[in-house]
Amino acid sequence: MSFETISVVGLGYIGLPTAAVFASRKKHVIGVDVNRAAVDLINKGQIHIVEPDLDLVVHTAVTEGYLRATTTPEAADAFLIAVPTPFKDDHQPDLSYIESASRAIAPVLKSGDLVILESTSPVGATEQMSAWLAECRPDLTFPQQAGEDSDIRIAHCPERVLPGHVLRELVQNDRVIGGMTDKCSAAAASLYQIFVEGECVITNARTAEMCKLTENSFRDVNIAFANELSMVCDKLDINVWELIRLANRHPRVNILQPGPGVGGHCIAVDPWFIVSKTPDLANLIRTARTVNDSKPEWVIDKVKVAVANFLQGNPERTASDVTIACLGLAFKPDIDDLRESPAMLISRKLSDIHPGRLIVVEPNISQQPLGFGEKAELKDLAYAQSEADVVVLLVDHKEFKFLSFDTFKSSYFVDTRGVIEF
Ligand code: SAJ
């Protein structure tokens with residue numbers, strides 16, 4: 001199959017790099033987004049998200065005329081839908097962005113087109129997308145109606161790239177291709193082979209949906225195991241990081257690292273898509289979510305204990321003149337992304353409940369984020385080292401790794417990442 005014009009719907013963390021990479025392979029790419037400001041910026045060759053090297057690739061693609069953004073879908077040979085799939089308050093998946101993207105592209109579909117759902121989705125979402133398209137276009141046939149003879153090919157091809165390494169991983173990672181029929185899979189594979197150097201592995205749409213959810217749930221369950229161990233070890237006075245290092249010397253054991261909780265938009269979200277479909281069966285997956293989500297509260301309790309210990313050692317002081325420093329706000333090391341970050345949640349909560357000063361140190365940002373009380377201040381590490389009475393290490397940024405405890409004024413630490421050297 002030949003794809004001369006490719007449309008990417010949703011120009012966010014996944015859609016924009018994907019659009020840019022197709023364009024860098026000299027394909028004409030039409031990017032579609034409801035965000036007018038983002039569309040205007042992209043058309044100027046600039047970007048609205050943070051991802052290494054993406055600015056350069058987008059700039060080149062736009063200047064050479066291979067990438068153009070718009071708010072209204074136009075005809076193309078292939079459509080990739082890369083819109084968000086959040087969950088609602090009750091942890092049920094919210095497919096409304098997929099629905100509106102489907103309804104938006106339906107009028108410009110023509111026989112022979114390929115539509116791919118890239119958004120991480122609950123099992124059945126690709127079939128649902130195809131049903132919405134069919135409802136809008138009764139004049140065309142879809143795989144659920146016409147099987148291999150359908151006018152439109154439909155597939156699910158989840159992205160699996162790591163934020164911060166998107167451009168490399170898009171090209172190098174293996175890609176799971178789940179067509180609604182064999183011909184759909186073959187069409188999708190030939191589209192991705194334009195830039196994917198990894199293997200394009202073919203399966204069906206439901207397995208591809210479940211595969212992505214399984215990958216992120218696997219990590220969530222493993223991190224929950226590590227987080228549970230950290231709470232058990234704290235009770236038993238055992239260093240959990242030494243314990244995990246020792247256990248991981250077993251050739252078939254690979255425990256991940258405990259932390260203040262699990263953040264980001266993927267690992268803390270995707271397991272709920274499995275739970276929502278099979279609530280009576282997915283007990284381990286639900287429990288892992290609960291364990292990881294409970295970790296920030298546990299950390300806050302440890303900080304309260306550290307403050308109480310400090311006051312016991314310094315009876316002339318009161319809680320209002322205890323300075324706490326939180327090291328790290330991002331959801332993982334060496335990035336500036338604060339969204340869904342347990343470190344943010346913990347620091348904000350401490351700024352609510354602690355009557356004294358709160359120093360926050362986040363080397364990857366320059367402005368104090370919103371949501372902090374007036375006694376909170378964004379400062380550098382050296383300031384925190386010389387000022388804080390209680391230190392809470394939340395993110396293992398490179399700046400914080402291998403810090404020796406004797407470089408701090410404080411001797412009261414809550415180290416959620418096990419990086420301070422005692
Ligand atoms: N975390 C721990 N302990 C660990 C590893 C991670 O507490 O041992 C925490 C991190 O601090 C962070 C969270 O988990 O808060 C998630 O971080 P991450 O680096 O593991 O993952 P993400 O969310 O940046 O990206 C993940 C990746 N999925 C997997 O590794 C299975 C990525 O490949 C996916 O493309 C992405 O989710 C996604 O879009 O689903």
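A salt bridge here is a Lys or Arg side-chain nitrogen within 4 Å of a carboxyl oxygen of Asp or Glu. Arg317, Asp321, Asp389 and Lys409 are linked in a network of such bridges.

## Ground rules

This is a predicted model: local features need pLDDT of at least 70, side-chain atom pairs count only at pLDDT 80 or more, and totals for chains, interfaces and linings use all residues. Residues are numbered from 1 along each chain as its sequence is written, and side-chain values use heavy atoms, with hydrogens and water left out.

## Salt bridges

The count of salt bridges comes to 26. One of them joins the side chains of Lys26 and Glu64, at 3.3 Å from N to O. Lys26 sits in the loop between α1 (15-24) and β2 (28-32) and Glu64 in the loop between α3 (54-63) and β3 (67-70), so this pair ties together parts 38 residues apart in sequence. (Helices are DSSP runs of H or I with at least four residues, strands are E runs of at least two, and numbering starts at the N terminus.) Lys26 is partly exposed at 48% relative accessibility, and Glu64 is too, at 46%. For these labels, buried means under 20% relative accessible area, exposed means over 50%, and partly exposed is in between (1.4 Å probe, protein chains only).

Arg357 and Glu387 also meet through their side chains, 3.1 Å from N to O. That pair links distant parts of the chain, 30 residues apart: Arg357 is in the loop between α13 (342-353) and β10 (358-361), while Glu387 is in helix α14 (residues 381-387). Then there's Lys110 with Asp113, whose closest N and O atoms are 2.9 Å apart. Here Lys110 is partly exposed at 34%, but Asp113 is buried at 2%.

## Around the ligand

Now for the ligand. Of the 20 residues around it, Val161, Lys212, Asn216, Phe331 and Lys332 come nearest; a residue counts as near if one of its heavy atoms lies within 4 Å. Helix α9 gives the most to this shell, with 5 residues.

Polar contacts are pairs of N or O atoms within 3.5 Å. A ligand oxygen is 2.6 Å from a polar backbone atom of Val161, and a ligand nitrogen is 2.8 Å from a polar backbone atom of Gln257. Lys332 uses its side chain instead: an N or O atom there is 2.7 Å from a ligand oxygen. Taken alone, the ligand exposes 770 Å², and the protein buries 88% of that.

Conventions
A polar contact is a pair of N or O atoms within 3.5 Å; within protein, one must be able to donate a hydrogen and the other to accept it, and residues adjacent in sequence count only if both atoms are side-chain atoms. Accessible areas come from the Shrake-Rupley method with a 1.4 Å probe; for residues, only the protein chains shown count as cover.
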